[in-house]
Amino acid sequence: MSPSFLSRPQSYQDAVAREWLVGNGLGGYASSTLCGSNTRAYHGLLVAALQPPKDRWLLLAFLDEEIEGQHLACHQYPGAIYPQGYQYIREFRQDPFPRICYEVGEARVEKTVFMIRGENTTIVRYRITGGEGRFSIVPLMHSRSFHAARPLPLLQQEEMAGGALIRSLEKTDAPLMLLSDGPDFRADERVYHNFEYEAERSRGLAWKEDLFSPGCFQMELSGEAEFAIAASAWRSSMPDWRREMAREKARLEALKGPLPELSAATDSFLVRRGAGLSIIAGYHWFDDWGRDAMISLSGLLLCTGRTEEAAAVLWSFASAMQGGVLPNDLGAESYNTVDASLWFVRAVAAYFEQSGDLQLLEELWPALLAVFSRYSRSGEGFGADQDGLIFSDAALTWMDARVDGRPVTGRAGKCCEINALWYLALKDMQKLQKALGLSGGPNGAAFSRLARKVKASYGRFWNSETGCLYDVIDHEDASIRPNQIIAAGIDGLLPDVMRQSVLETVTRELLTPYGLRTLSPRDPRYIGRYEGGPYSRDAAYHQGTVWPWLMGPYIDAMLSIKGRSKAVRSQARELLRPLLSLAAGTGTLPEVFDGSSPHRPGGCISQAWSVAEVLRAWKKVS
């Protein structure tokens, strides 16, 4: 069933503190705050994915309404919030679509936003009761990449039946068509100046721009009215929005999952890429990343029963593999990662464990063998050393942030989680080979022989002084980081006494209500706030910042070490409660939190592996 939550913002700051997002399955989306005031350059009612899921283009920023002489919109201008329509908001609901309810005198206006699945088309439905007099809707638009505020391009308008077509002369393949089945459109071209995006200002990015209005939709109200405005990069005529709305609502309500409050969020990450499917790493700004997609696949798709979609995602990434290396960023076609392929093996194994799909396993087996071949030898950037362990150059793990081109957390050497994943991949390959009936094939006992070698060498990661694992060896790095929790959750890799000690250390040093810190607060390099401009944020990204996705591996380790008794599972559920409480009020989970209390959320407002690992962990302990 789909999520449903209610909010009654008490002030402008309260109303902009939370954000909503709906996707279209292409990478496009509509997103804003609870009062419709855009605080980010990424916000807008239509952000179209022109080459799904990439080339995302902001087209429609706002629809500003006026009823009985009162403005329902609100914007931040230099020194002022104007108009102040948030004062008329009586409630915000998401059930499953974002819906803002206003009351102005006797009039009640409901504004609902949804997107047509598989289209760059946003529908804004209005239902008005008790309204008298003129109702006006002013579209405010741009035509730019969604990544940054910028000056308006030269725009050209053409009349259309029921609305208007506006096209940038700089990018003619990104038209905006505005259509209505209610109010009449009247052309009246204007430029509105100095909109401010407060979230971008705080992030040290471009935060001011002008917006263009092609005209106004107007109608005379008398009693009740229901109609819609369509904003589309593809449609030139008004869709049957009632049918589309009912279809999309039924589709969302049919989604299955262990946590209904996160079901719509799981759906937003699944996007079309060419003839296949992929997983967006996070909204608003991320592309589809190999590492993130493979970690997220189990929680987003397998836990929600979408095995066909999971198969399509695995095939998309396997097809993009080069020499046994999965792409780091599928859109950018970059391959600078040491762990994405190892997570791919785990995702294939998890898929097979649930589906028993031998046909897909046979089709993916060459890709799995390519991973084994690449990782079992020394190569450029990374590869196996004589002890069987994987070494890697700087910034090839998930802790890959750079400042001025230099890695913040380089981790060059043999990383604890990379080698734990390598061991797990070898064990998974053994099982998958057996399932395919290939145990006596050319690889024979190669997987098991190398797994034994990796296990024998892995003991070198133990640091008796700290009672946990070195984060990196060759050269030794004793930083207390969460990467070791992945190793602690793998049966048979470490003695139980070491695993227990790792769990205790991670719990004491790194566990917060919202995930694991990336560095112990006792470390002099610890940064407790993820804030400021790009330099400051990148410097803090893996130096103390909390990541919710790590709750999945933490609970894996907890169950593996302590057992699956009712008491342990109850304890694990309680650890997830703060994240679930947050999800109940937003419908999703963010990318990161501050390392220090009060652990403010930051980064992307909706992150695939945050949602996925909480779902997977919850299902495991339910």
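This is a predicted model: local features need pLDDT of at least 70, side-chain atom pairs count only at pLDDT 80 or more; totals for chains, interfaces and linings use all residues.
Hi everyone, let's start with one side chain: K455 has a relative accessible area of 40%, so K455 is partly exposed. K455 sits in helix α10.

The largest share comes from α10, with 3 residues.

Now to the charges that do find a partner. How many salt bridges does a search of the whole structure find? The answer is 56. I'll walk you through some of them.

Take R150 and E170, whose side chains meet in a salt bridge at 3.1 Å, N to O. This pair links distant parts of the chain, 20 residues apart: R150 is in the loop between β12 (121–145) and β13 (155–160), and E170 is in the loop between β14 (163–168) and β15 (176–180). Are these two buried or exposed? For R150, the relative accessibility is 30%, so R150 counts as partly exposed. E170 has a relative accessible area of 53%, and because the cut-off for exposed is over 50%, E170 is exposed.

Next, look at E244 and R235. They form a salt bridge too, and the closest N and O atoms are 3.9 Å apart. Here E244 has 8% relative accessibility and so counts as buried, while R235, with a relative accessible area of 21%, is partly exposed. If you wonder why R235 is not called buried, that word is kept for values under 20%.

Another one to click on is the pair D594 and R600, where the closest N and O atoms of the salt bridge are 2.6 Å apart. D594 is buried, with a relative accessible area of 2%. R600 counts as partly exposed, at 36% relative accessibility. Salt bridges can also share partners: R90, E91, R93, D95, R99, E103, R108 and E110 are joined that way into one network.

Let's move on to a helix, α14, which covers residues 551–562. Which ones are they? The buried residues are M551, G552, P553, Y554, I555, D556, A557, M558 and L559. And just after α14 comes G563, with a positive phi of about 95 degrees.

D404 is a residue other than glycine with a positive phi, near 55 degrees. You'll find D404 in the loop between β23 (402–403) and β24 (406–407). With a relative accessible area of 59%, D404 is exposed.

R411 also has a positive phi, near 60 degrees, and is again not a glycine. R411 lies in the loop between β24 and β25 (414–415). Is R411 buried or exposed? At 6% relative accessibility, R411 counts as buried.

Then the peptide bonds. The one from Y82 to P83 is cis, with omega near -15 degrees, and P83 is found in strand β8 (residues 80–84). The bond from D474 to H475 is cis as well, with omega near 20 degrees. H475 lies in the loop between β28 (472–473) and α11 (484–488).

One last stop: R525, in the loop between β30 (515–517) and α13 (534–540). R525 counts as partly exposed, at 38% relative accessibility. How far is R525 from T33, C-alpha to C-alpha? The two are 35 Å apart in space and 492 residues apart in sequence.

Definitions and conventions: Residues are numbered from 1 along each chain as its sequence is written. Side-chain values use heavy atoms; hydrogens and water are left out. Helices (H or I, at least four residues) and strands (E, at least two) are DSSP runs, numbered from the N terminus. The expected span of a helix is 1.5 Å times one less than its number of residues. Buried means under 20% relative accessible area, exposed over 50%, partly exposed in between (1.4 Å probe, protein chains only). A salt bridge is a side-chain nitrogen of Lys or Arg within 4 Å of a carboxyl oxygen of Asp or Glu.
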